[in-house]
Amino acid sequence: MKGLVRRVVFYVLTAWVAVTLNFFIPRLMPGDPVQSLMIKYQGQLSADAVQSLYVLFGLDKKTSIWQQYVEYWGQLFRGDLGISFARFPTPVSEVIAQTLPWTVGLVGVATIIAFLLGTSLGTFLGWRRGTRADLLIPATTFFSSVPYFWIGLLAITLFGVTWQVLPFSGSYEAGLIPGFSWQFLGSVISHAVLPALTIVISSVAGWILSMRNMMVTVSSEDYVTVAHAKGLPNRVVMVGYAARNAVLPQISGFALSLGFVVSGTLVMEQVFSYQGIGFTLFQAVGAKDYPLMQGIFLVITLSVLAANIIADVVYVLLDPRTRQEG
């Protein structure tokens, strides 16, 4: 019980610090987003309208920064993330709702595939160390060190330009109306193949290497030796004893990876012109769109915290020793 209370206090404190930084950091950046909005409308705004914009966006110079901070918390509790500067007058929640599913669908699925594939191959390579299977290690080391945007450019060159078998730009074919039709879903899947393949190839190597190293370490433990001495099948010892303990550090990394899924892969989304939340964040930073930046950062923070909570639960299920109270 004490351990649970400590975790809850830790996560609440972390959320408070993240939201506080989320509020102050954009306001410390140089520039005035309201003035940028006036330039967009070519100065056709009265003084009263300009003052109303400052009030609307929570940047009223007549209000102290601490009062703005309190009001910001009040908005969060009401579920109000504000109005986007760059996409005025669209609410931030609507902008995030339009872009987040694309990123979660693409990066989330690719991350899960990379984790399952990398963990499985790493288990096999670690268990069969010293055999011809080790010939795959140099290849995994190479791909783990190659920037993923380079792999994306290579995929575009081969499959999009040279062979022209897959689309390499956008999220779906231009002119299609989004909906649950086979034509639209097929277009979405075909446009997601190359970005997903890029993510899987660039990240699977890290999962393979880390799982292999843990399997090599765990294989020399006494409980694995005892399992062999009992005459248990080799497959049972590998999966039920060695892999079950070796995978524990992987769970923590996987949880963080899932948490950061909502942040998208910014460079990948730029390379493939994919309409994800990562590219939206990049645009928000360039436009000094405080509410949109804060909304995206908040979603990312909460996702990472939720992923860590899930990781704690999985740890307890996989390793009974963590149930012991300190």
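# Helix α8 and its partners

The axes of helix α8 (residues 182-218) and helix α10 (residues 234-246) come within 8 Å of each other and cross at roughly 115°. Here axes are lines fitted to C-alpha atoms, for helices over the stretch in contact, and angles run from 0 to 180 degrees between N-to-C directions. Helices (H or I, at least four residues) and strands (E, at least two) are DSSP runs, numbered from the N terminus. This is a predicted model, in which local features need pLDDT of at least 70 and side-chain atom pairs count only at pLDDT 80 or more, while totals for chains, interfaces and linings use all residues. Residues are numbered from 1 along each chain as its sequence is written, and side-chain values use heavy atoms, leaving out hydrogens and water.

**The α8 and α10 contact**

- From α8, the contact (heavy atoms within 4.5 Å) takes in Met211, Met214, Met215 and Val218, and from α10 it takes in Met238, Ala242, Ala243, Asn245 and Ala246.
- These residues divide into eight nonpolar, one polar and no charged; Ala, Val, Leu, Ile, Met, Phe, Trp, Tyr, Cys and Pro count as nonpolar, Asp, Glu, Lys and Arg as charged, and the others, Gly among them, as polar.

**Leucine 209, also on α8**

- Leucine 209 lies in helix α8 and counts as buried because its relative accessible area is 19%, where buried means under 20%, exposed over 50% and partly exposed in between (1.4 Å probe, protein chains only).
- Beyond residues up to four places away in sequence, leucine 209 touches Ile137, Thr140, Thr141 and Ser144.
- The C-alpha atoms of leucine 209 and isoleucine 137 are 7.6 Å apart, although the two residues are 72 apart in sequence.

- Leaving aside neighbours within four places in sequence, leucine 106 is in contact with Ala192, Pro195, Ala196, Met268 and Tyr274.

**The whole chain**

- The protein chain has 14 helices and zero strands.
- Of its 326 residues, 39% count as buried.
- Among contacts with a separation of 6 or more, 73% join residues 24 or more positions apart.
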